[in-house]
Amino acid sequence: MSQTITLYVDGACRGNPGLGGWGAYILIDDIQHELCGGEAETTNNRMELTAAIEGIKFCAADAKLIIWTDSKYVQQGITEWIHGWKKKNWKDVKNPDLWQQLDAVCQGREIEWNWIKGHAGHAGNEKADQLANLGADQTLALLKQPAQDKKKPETDWLLNDPFGLDFIEDELAKEDEILSEQLQASLVEPQMDTAKDTSLHPQIKITTATLEQHGPRQLILDTETTGFYYQDGDRIIEVGAVEMINRKLTGGSIHIYINPEKPVGDSVQVHGISDEFLVDKPKYAEIAHTLFEYLQGAEIIAHNANFDMNFLNMEFQRVGLPALSEVCGVVDTLALAKSKHPGQKNSLDALVRRYEIPARDRTFHGALLDAEILSDVYLAMTGGQVSFDMDALSHNDQQTDTSIRRVQLNVTLPVILPSEEENQAHENWVQQYQEKHGEPCLFAK
């Protein structure tokens, strides 16, 4: 019976395009293997693909591989889209060289591909992410080496040093130099403008648009928080938004986890984000300028937008910035859904079922995941759906008409009146709201 090997693969990019790294964390029986590397000018997608290629190449050809990646681009590309790409002889496919390499190393192997939510505290995925960033760091260190060091002629050390002792000493010396450079850099960093330098916080994930569009910018946005009441000190712990222009998702997005400087409490049961996971994340003041610059001027689309905007306004004003609602328009998809479907459930889950949006795992809510789902719901609710994966947009065989057409039926809906007990419970809730907030509730009679 062949052995089973588990691989966690990930890529990282500081700029997209820019300096990048890849990492593969491989578990063979009880032995752990760590692989990493990088490139000076690359993209996040290329690093994600490279991590998968290098990880598979490391493993025995007859082993069963269980691969985990937080890249839908890789997981869906190798299991679904690649068949159409081959039929079209890779025409208009991005990164065809790496896709062909990945296809080649997969041939004749038993591989199970799995997607895992990134930066959600899973040990294997977090380790692969650390390796990817280490690969980028090592590449940066090599780029900083003086030119004369890079051009030293290589000698056959095995002839003069058959036991490899000098070679090991040289490698250790190089590692010491790299660590020294990193230490010096860390001493300089506090003097920099940390509020605007995203490279100091790799947790700020800004993905550059892959589809060029011209027109008003819309951002489908969601947040996760420590609770429901910003007035009582609850804080934002996660922000995710995807970009849309001319009703087309551009592939651009932003995703940030934030240290709320307070326990998450019972809200962990909703989003699954623990205090331990957030302890090393940047505070809001450290990412506020970057996030504000990304969001300002766009039209914000959110489900129950008042909730998200109240929290965002509060957080930005805490650090001396204007309220986001002063520099952005807002569309509330909950209000839109209620006007289109009065008397029905209009939660995000209910709308997903109503508009037959492909199901995703929402055991825990996540800001970027919910923003992606809401983008599908919004397009369906306002006239049609567009594929979220930008690379898939270039393939004509996948470009079927995805607009949703529904037959309008004239149906008289029954009116179900509340009982006296339900009316009384409602009045009690309205009274509690008014006492808590000092203003009448929207639902007061």
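This is a predicted model: local features need pLDDT of at least 70, side-chain atom pairs count only at pLDDT 80 or more; totals for chains, interfaces and linings use all residues.
Visitor: How are α1 and α3 oriented to each other, roughly parallel or roughly perpendicular?
Guide: Helix α1 covers residues 44–58, and helix α3 covers residues 96–106. Their axes come within 10 Å and cross at roughly 25°. Angles under 35 degrees count as roughly parallel. Therefore α1 and α3 are roughly parallel.

Visitor: Which residues of α3 meet α1?
Guide: Start on the α1 side, with R46, L49, T50, A52, I53, I56 and K57. The residues in this contact divide into 9 nonpolar, 2 polar and 3 charged. On the α3 side stand D97, L98, W99, Q101, L102, V105 and C106.

Visitor: Is the crossing of α1 and α3 left-handed or right-handed?
Guide: The axes of these two helices cross at roughly 25°. The crossing is left-handed.

Visitor: How are α2 and α3 oriented, roughly parallel or roughly perpendicular?
Guide: Helix α2 spans residues 72–87. Its axis lies 11 Å from that of α3, and the angle is about 95°. The range 65 to 115 counts as roughly perpendicular. So α2 and α3 are roughly perpendicular.

Visitor: How many nonpolar residues are in the contact of α2 with α3?
Guide: From α2 come Y73, V74, G77, I78, I82, W85 and K86. From α3 come W99, L102, D103 and C106. By class there are 1 polar, 2 charged and 8 nonpolar residues.

Visitor: Which residues of α14 make the contact with α12?
Guide: α12 and α14 pack at about 35°, with axes 11 Å apart. Their crossing is left-handed. α12 brings T333, L336, A337 and K340. α14 brings L374, Y378 and M381.

Visitor: How many charged residues does the contact of α12 with α14 have?
Guide: Sort its residues by class. There are 5 nonpolar and 1 polar. The charged count is 1.

Visitor: Which residues lie nearest the centre of the second largest pocket?
Guide: This pocket has a volume of about 1500 Å³. Its lining has 43 residues. Elements that give two or more of them include β7 (217–225), α12 (333–340) and α14 (367–381). Nearest the centre are F228, N304, N306, F307 and D308.

Visitor: How many charged residues are in the lining of the second largest pocket?
Guide: Take the lining class by class. It has 16 nonpolar and 15 polar residues. The charged residues number 12.

Definitions and conventions:
Residues are numbered from 1 along each chain as its sequence is written. Side-chain values use heavy atoms; hydrogens and water are left out. Axes are lines fitted to C-alpha atoms, for helices over the stretch in contact, and angles run from 0 to 180 degrees between N-to-C directions. Helices (H or I, at least four residues) and strands (E, at least two) are DSSP runs, numbered from the N terminus. Angles under 35 degrees count as roughly parallel, over 145 as roughly antiparallel, 65 to 115 as roughly perpendicular and the rest as oblique. A crossing is left-handed if the near helix is turned anticlockwise from the far one by less than a right angle, and right-handed if clockwise. Contact means heavy atoms within 4.5 Å. Ala, Val, Leu, Ile, Met, Phe, Trp, Tyr, Cys and Pro count as nonpolar, Asp, Glu, Lys and Arg as charged, and the others, Gly among them, as polar. On a 1 Å grid over the protein atoms alone, a cavity is a set of points where a 1.4 Å probe fits but cannot get out, and a pocket is an open set with protein on both sides within 12 Å along at least five of seven lines; lining residues have an atom within 4 Å of a point. Grid points are joined across faces, edges and corners, and a volume is the space filled by probe spheres set on the points.
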